[in-house]
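Open the model in your viewer and keep the selection panel at hand.

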Amino acid sequence: MTVVEADSGRLKGEADEPGWEVDPDDEWGVAVIATVGRQLKLRREAVGMRAGEFGTAVGYGEDMVYKIEGGKRIPRQDYLVRADEVLGAGGLLAATWEDVKKVRYPRKVRELAKLEGQAVEIGVYECNSVHGLLQTPDHARALFEAAQPPYSPDDVERMVAARMARQSVFQRDPAPSVHYVLEEAVLHRRVGGTMVWRRQLEHLLEVGRLRNVALQVMPTNSDAHPGVDGKIELLKFPDGTAVGRSDGAFSGRPTTDPKQLRILELRYGTIRAQALSPRESLAFIEHVLGET
């Protein structure tokens, strides 16, 4: 869904740019998008505009208008703003973006982003790939495109956008304390090709220099450590509660049990102690980048 192409005046549809479909299992999302679609339709009909005429006015195909009004497609902000102008809604339709943006990403991503947005401390050990909060858009896209069975182009773009939106955690005020430990092998995997890979390494250096971020590298030639079973994540909140997860513990499920959290904290603390220091780690990444 986009506005009219500047070079041709042609209305774009789904074949030109990915749109976001509503997840039928996301009850809240379905309700919100259906309500917004109904408001759009009622307003359009109240001013006596046909769907095709309205679509031309806002720069979208008629089929997309019907899908949005029917609650089958998630409208983007530019659509709502333009619809508000065309229908003379006085800002009422444009204001629905505040509700739409809360459900535009998959439910699981929203739940994760909510936890990350509330945490005062985030700790992650990652052994297989660069963590989502550290990824560039092109790196994330390459990972999603490599999935089997493959995701549709629509799903890929939606997931990339959702992952990038989560990174707003770095701009929070007050900023959370964030620390990562990445296995060295992750730095050598040229996801997306050389240029995408180089930009990912440069991005790691940028994030690793933030005052509230500690980025560490676990050298491949290090001895065995408690992370050999897989990823570990720990999030701590202002009220003293926490949630953690590990691929190699408690069936990989999130836990808030104090005893289980202490086990994860012990493992994660041991991993951090064995890894290179943040200063050494940034120098290590710069060395890898310089070898290309």
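Is the crossing of α7 and α8 right-handed or left-handed? Before turning the view, note that this is a predicted model. Select residues 137-145 for helix α7 and residues 153-166 for helix α8. The crossing of these two helices is right-handed.

**Stop 1: α7 against α8**

Two packed helices are described by the angle between their axes and the distance between the axes. For α7 and α8 the angle is about 140° and the axes lie 9 Å apart. That angle makes α7 oblique to α8, because only angles over 145 degrees count as roughly antiparallel. Now show side chains. On the α7 side, the contact is made by Pro137, Ala140, Arg141, Phe144 and Glu145. Facing them from α8 are Val156, Glu157, Met159, Val160, Arg163 and Met164. Coloured by class, the residues of this contact divide into seven nonpolar and four charged, with no polar ones.

**Stop 2: two cis peptide bonds**

Stay with α7 and α8 and select the loop between them, where proline 149 sits. The peptide bond that joins glutamine 148 to proline 149 is cis, with omega near -5°. Next, go to the loop between α8 and β4 (177-183) and pick proline 174. For context, most peptide bonds are trans.

**Stop 3: α10 against α12**

Select residues 194-208, which form helix α10, together with residues 278-290, which form helix α12. How do the axes of α10 and α12 run relative to each other? They cross at roughly 160° and come within 10 Å, and the two helices are therefore roughly antiparallel. The crossing of α10 and α12 is left-handed. From α10, Trp197, Arg198, Leu201, Glu202, Leu204, Leu205 and Gly208 take part in the contact. The α12 residues there are Leu282, Ile285, Glu286, Val288 and Leu289. By class, the contact of α10 with α12 has eight nonpolar residues, three charged and one polar.

**Stop 4: the whole chain**

The chain has 12 helices and seven strands. Of its 292 residues, 45% are buried. Finally, among contacts between residues at least 6 apart in sequence, 71% join residues at least 24 apart.

Note on methods
Residues are numbered from 1 along each chain as its sequence is written. This is a predicted model: local features need pLDDT of at least 70, side-chain atom pairs count only at pLDDT 80 or more; totals for chains, interfaces and linings use all residues. Side-chain values use heavy atoms; hydrogens and water are left out. Axes are lines fitted to C-alpha atoms, for helices over the stretch in contact, and angles run from 0 to 180 degrees between N-to-C directions. Helices (H or I, at least four residues) and strands (E, at least two) are DSSP runs, numbered from the N terminus. Angles under 35 degrees count as roughly parallel, over 145 as roughly antiparallel, 65 to 115 as roughly perpendicular and the rest as oblique. A crossing is left-handed if the near helix is turned anticlockwise from the far one by less than a right angle, and right-handed if clockwise. Contact means heavy atoms within 4.5 Å. Ala, Val, Leu, Ile, Met, Phe, Trp, Tyr, Cys and Pro count as nonpolar, Asp, Glu, Lys and Arg as charged, and the others, Gly among them, as polar. Buried means under 20% relative accessible area, exposed over 50%, partly exposed in between (1.4 Å probe, protein chains only).
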